[in-house]
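Me: Got a model open here and want to walk through it. Can you take me through the contacts and the sheets?

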Amino acid sequence: MFLCSFVVVKSIYKLIYRAYHRGSSFYRWLRRRFTLAGLCVVGGALVSGSVGGDIDNTVTYQIFALLLAMLVLSVGTSRFFHAKFSVSRQLPRFGAVGQPLYYRLRVRNLTGRPQKGLTVMENSTDPRPPFEEWLAFQLAENKRVAPFRLSDRRPNPFRIVEIKDAAVPTLAPGGEAEVRAELLPLRRGIVRFSGMILSRTDPFGLFRSFVKTPAVNSILILPKRYHLPSVP
């Protein structure tokens with residue numbers, strides 16, 4: 001009886017895990033590809049499209065058509081960004097939880113044309129755990145906190161760092177620039193970087209075009225450090 005109930009519970013958690021995995025992937029793609037203005041346009045298009053179905057009694061459909069046309073043009077123009085770059089990192093030996101970590105990036109333009117309006121993003125490895133590890137955490141968390149109580153639940157324990165995007169100055173043909181990058185370690189462990197992403201927005205500033213370049217590195221994050229008073 002116990003084994004049967006455990007199998008049922010595990011099957012339910014598998015469905016939740018799949019939804020979590022796909023939902024987080026879509027959310028990550030949405031936040032990276034669309035700017036804040038682009039997300040506002042997407043939201044406006046969804047709202048105007050849902051309330052503008054009656055074209056005889058409302059003109060909201062015109063707003064929907066305009067916003068949709070802007071999104072289609074923004075996404076379409078992203079196909080024309082085909083520049084090549086090389087990026088290298090200058091990482092420190094280690095970092096500490098809760099302490100902002102600054103490091104240098106060297107970005108080089110490998111094309112014969114100037115490149116401007118660029119932003120560099122870190123392409124770190126996927127922090128989402130496999131199902132068994134995720135399930136063990138969820139079961140332990142449900143024992144610690146009441147099932148429908150959210151105030152006492154801990155933040156995502158699988159997210160290691162928060163990484164800020166860094167603006168790149170205009171690069172001359174074959175030119176190189178140094179960029180200061182920042183990340184905030186959230187928990188101890190090894191942060192692995194699989195590459196870099198150079199992005200540029202469309203003329204409307206709604207959607208980002210991506211160019212990926214390999215740059216494999218890692219850095220060790222130590223536990224949080226506490227300042228102690230001086231001891232005589």
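Reply: Start with E178, which forms a salt bridge with R104; the closest N and O atoms are 4.0 Å apart. A salt bridge here is a side-chain nitrogen of Lys or Arg within 4 Å of a carboxyl oxygen of Asp or Glu. The pair links distant parts of the chain, with E178 in strand 7 and R104 in strand 3, 74 residues apart.

Me: What should I know about the source and the numbering?

Reply: This is a predicted model, where local features need pLDDT of at least 70, side-chain atom pairs count only at pLDDT 80 or more, and totals for chains, interfaces and linings use all residues. Residues are numbered from 1 along each chain as its sequence is written, and side-chain values use heavy atoms, with hydrogens and water left out.

Me: How many salt bridges does the structure hold?

Reply: Five. One of them joins E176 and R106 at 2.8 Å, N to O. E176 is in strand 7 and R106 in strand 3, 70 residues apart. E176 has a relative accessible area of 47%, and R106 has 29%. Another is E182 with K164, the closest N and O atoms being 3.7 Å apart. E182 lies in strand 7 and K164 in the loop between strand 5 and strand 6 (166–168), so this pair ties together parts 18 residues apart in sequence. K164 is exposed, at 52%.

Me: Which residues end up in one network?

Reply: R104, R106, E176 and E178, joined by salt bridges that share partners.

Me: Which way do strands 3 and 7 pair?

Reply: Antiparallel, over eight bridges; strand 3 is residues 101–109 and strand 7 is residues 176–185. Strands pair if DSSP finds at least two bridges between them. L105 has V179 in strand 7 as its bridge partner.

Me: What sheet do they belong to?

Reply: An open one of four strands, order 1-3-7-5, with antiparallel pairing. Strand 1 (85–90) and strand 5 (161–163) are at the edges with a single partner strand each, so one side of each has no neighbour in the sheet. The twist averages 30° from one strand to the next; axes are lines fitted to C-alpha atoms, for helices over the stretch in contact, and angles run from 0 to 180 degrees between N-to-C directions.

Me: New topic. How many helices and strands are in the chain?

Reply: Four helices and nine strands. Both are DSSP runs numbered from the N terminus: helices are H or I, at least four residues, and strands are E, at least two. Buried residues make up 32% of the 232 in the chain.

Me: And what does strand 9 pair with?

Reply: Strand 8 (residues 189–201) pairs with strand 9 in the antiparallel sense, over twelve bridges. G195 has P214 as its bridge partner in strand 9. The two strands form a hairpin with six residues between them, and G205 in the turn has a positive phi of about 70°. Strand 2 (residues 94–96) also pairs with strand 9 (residues 208–222), in the parallel sense over three bridges. There, G95 stands opposite I221.

Technical notes:
Buried < 20%, exposed > 50% of the residue type's maximum accessible area, 1.4 Å probe, protein only.
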